Amino acid sequence: DYLSGRSGRLGLELIHLRRGQAFRHEATEGFCYSTIKVLILTTVLRQAPEAKVDLTTKQRALAERMITRSDNGATETLLAQVGRDEVQRVAGLVGMSRTEIDEGWWGFWRTVPGDLSLMVDAVLSSDRVLDGARRTVARFLMADVVPAQRWGVFAPESRGGGVHVAAKNGWGPLPDGYRLNSTGWVIADDREYVLSILSRSTAGFSHGRRTINEVADICHAAMADGLA
């Protein structure tokens with residue numbers, strides 16, 4: 001009902017982690033933009049123990065810039081270090097079967113909300129891809145995003161009530177509309193879920209940010225109230 005009064009389009013997937021249930025709305029394919037930096041981070045964190053080495057001080061600084069400030073230069077450096085083939089391999093370990101990783105710019109790799117949710121869940125709750133220490137690194141970086149970029153899945157923070165969010169957003173203009181994407185993990189005493197949103201705003205960034213914020217808030221209110 002809310003989206004019927006907004007321009008553009010929006011698709012999402014919400015996974016209730018404690019009940020193993022999912023809700024999807026028009027969860028079709030779109031450009032990754034900076035949400036895919038979480039997969040690049042996961043690849044960096046996965047490679048180190050496989051090579052029996054620790055992350056270097058420089059890699060840690062690059063990872064912090066990539067996630068907390070969405071620094072594209074840091075992303076390019078880390079991607080060059082790990083290689084696209086390795087990112088593809090880790091995507092396979094995560095189960096991101098509908099994410100297209102090619103030789104083009106990483107922001108234009110394509111994905112679906114469900115794959116983004118798998119990606120976020122992989123750095124939070126499973127030893128299948130990262131061990132606990134490295135998942136903690138990813139979680140703390142995704143929780144420490146700078147204030148100007150705390151929209152989308154971060155929106156429920158404004159409700160208070162002991163809600164904690166670890167997320168990553170991505171955005172950018174295209175001729176047919178501004179893309180605004182958000183993926184992340186939300187936890188409170190009585191709920192825990194992953195929410196991923198891909199959207200296109202035909203009325204610019206501010207309009208799209210309001211849309212994605214209010215949709216995230218609708219989802220959070222539903223989870224806070226408890227689902228049947």
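Glu 86 and Arg 89 form a side-chain salt bridge in this predicted model, with an N to O distance of 2.9 Å. The two residues sit 3 residues apart in helix 4, so about one helical turn separates them. Arg 89 also pairs with Glu 50, at 2.6 Å from N to O. Because Glu 50 belongs to helix 1 (residues 37-50) and Arg 89 to helix 4 (residues 84-94), this second pair ties together parts that are 39 residues apart in sequence.

**Salt bridges**

- The structure contains 13 salt bridges.
- Arg 46, Glu 50, Glu 86 and Arg 89 are joined in a network of salt bridges.
- Arg 150 and Glu 157 are joined through their side chains in a salt bridge of 2.6 Å, N to O.
- Arg 150 has a relative accessible area of 24% and is partly exposed; Glu 157, with 28%, is partly exposed as well.

**Lys 168, a buried charge**

- Lys 168 is located in strand 5, which covers residues 164-172.
- Lys 168 is buried but takes part in no salt bridge.
- The nearest side chain of opposite charge belongs to Asp 71, 11 Å away from Lys 168; a salt bridge requires the charged atoms to be within 4 Å.
- The Lys 168 side chain does make a polar contact with the side chain of Ser 70, at 2.9 Å.
- Apart from neighbours within four places in sequence, the residues in contact with Lys 168 include Ser 34, Thr 35, Lys 37 and Val 38.
- Met 66, Ile 67 and Ser 70 are also among the contacts of Lys 168.
- Further along the sequence, Lys 168 is in contact with Met 142, Gln 149, Asn 181, Ser 182 and Thr 183.

**Largest pocket**

- The largest pocket has a volume of about 390 Å³.
- Its lining is made up of 16 residues.
- Of these lining residues, Leu 12, Phe 23, Ile 218, Cys 219 and Ala 222 lie nearest the centre of the pocket.
- Strand 1 (9-16), strand 2 (21-25) and helix 7 (205-225) each contribute at least two residues to the lining of the largest pocket.
- Helix 7 supplies the most to that lining, with 5 residues.

Key
Residues numbered from 1 in each chain as written. Predicted model: local features only at pLDDT ≥ 70, side-chain atom pairs only at ≥ 80, totals over all residues. Heavy atoms only, no water. Helix = DSSP H or I, 4+ residues; strand = E, 2+ residues; numbered from the N terminus. Buried < 20%, exposed > 50% of the residue type's maximum accessible area, 1.4 Å probe, protein only. Lys, Arg positive; Asp, Glu negative; His and termini not counted. Polar contact = N/O pair within 3.5 Å; in protein donor to acceptor, adjacent residues only side chain to side chain. Contact = heavy atoms within 4.5 Å. 1 Å grid on protein atoms, 1.4 Å probe; cavity = no way out; pocket = protein on both sides within 12 Å on 5 of 7 lines; lining within 4 Å. Points joined across faces, edges and corners; volume = space filled by probe spheres on them.
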